[in-house]
Amino acid sequence: MALDVDDLSDEVLEFLRERHLATLTTLRTDGSPHVVAVGFSYDPDAKVARVITWATSQKAVNAGRMAAAGQRAAVSQVDGGRWLTLEGRVRLVTDPEQVRPGIEGYARRYREPKERDDRAVVEIDVDKILGRG
């Protein structure tokens, strides 16, 4: 079921704050899906999903290439009968100041991440949410 990105219920927002792992789907160069387990945070005001990673990870490489082509990615979490898939244009963020919201969101939802000099964030500008939260 499609949800209104601009008017998410309290239950959906709570589900997006609870500690759940998810999958991030990006595309390989041959167009096939690259699906990996991730932690992510969601900023409902900015409508941005963020996945922290490092600059040379496959998901970061894919996101950087996809951003240049204007492509979309998705992050999806499942807990029993509740599930949400957040979709939108993807980009790779590597500037330390712009990476900070991804680190802070991850720390709030999961735990403080380890320090990395090559920290990057895969960001999805969410314009479509499917599911039952």
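This is a short tour of one predicted model, stop by stop.

Residues are numbered from 1 along each chain as its sequence is written, and side-chain values use heavy atoms, with hydrogens and water left out. Because the model is predicted, local features need pLDDT of at least 70 and side-chain atom pairs count only at pLDDT 80 or more, while totals for chains, interfaces and linings use all residues.

**Stop 1: helix α2**

Select residues 58-68, helix α2. Helices here are DSSP runs of H or I with at least four residues, strands are runs of E with at least two, and both are numbered from the N terminus. Colour Lys59, Ala60, Asn62, Ala63 and Met66, which are buried. Buried means under 20% relative accessible area, exposed means over 50%, and partly exposed lies in between (1.4 Å probe, protein chains only).

Now look down the axis of α2. The buried residues fall within an arc of 160°, so they line one face of the helix. That arc is taken from the directions from the helix axis to the C-beta atoms. An α-helix has 3.6 residues a turn, so residues three or four places apart point the same way.

What covers this face? The cover of the buried residues includes β2 (22-27), β3 (33-38), β5 (48-54), β6 (72-79), β7 (82-93) and β8 (119-132). Contact means heavy atoms within 4.5 Å. Just after α2, click Gly70: its phi is positive, about 70°.

**Stop 2**

Select β8, residues 119-132. Two strands pair if DSSP finds at least two bridges between them.

- β1 (residues 2-3) pairs with β8 in the antiparallel sense, over 2 bridges. Leu3 stands opposite Ile129.
- β5 runs antiparallel to β8, joined by 7 bridges. Arg50 has Glu123 as its bridge partner.
- β7 and β8 are also antiparallel, with 11 bridges. Leu92 has Val122 as its bridge partner.

**Stop 3: salt bridges**

Stay on Arg50 and Glu123. They form a salt bridge, with the closest N and O atoms 3.0 Å apart. The pair links distant parts of the chain: Arg50 lies in β5, Glu123 in β8, 73 residues apart. Are these two residues buried or exposed? Both Arg50 and Glu123 are buried.

A salt bridge here is a side-chain nitrogen of Lys or Arg within 4 Å of a carboxyl oxygen of Asp or Glu. The count comes to 12.

Next, show Arg72 and Glu87, whose side chains meet in a salt bridge at 3.9 Å, N to O. Arg72 is in β6 and Glu87 in β7, 15 residues apart. Arg72 counts as partly exposed, at 37% relative accessibility.

Then move to Asp79 and Arg82. Their salt bridge spans 2.7 Å, N to O. Asp79 is partly exposed at 33%, and Arg82 is partly exposed at 24%.

**Stop 4: rings**

How many aromatic pairs does a search of the whole structure find? It finds 1. Select Tyr106 and Tyr110: the ring centres are 4.9 Å apart and the planes at 35°, so the pair is tilted. Rings of Phe, Tyr and Trp (its six-membered ring) pair if their centres lie within 6.5 Å; planes under 30 degrees apart count as stacked, over 60 as edge-to-face and the rest as tilted. Tyr106 is buried at 15% relative accessibility, and Tyr110 is buried at 11%.

Finish with two charges over rings. The charged end of Lys59 sits over the ring of Trp54, 5.4 Å from its centre. The charged end of Arg109 sits over the ring of Phe40, 4.7 Å from its centre. The rule asks for NZ of Lys or CZ of Arg within 6 Å of the ring centre and within 35 degrees of the ring normal.
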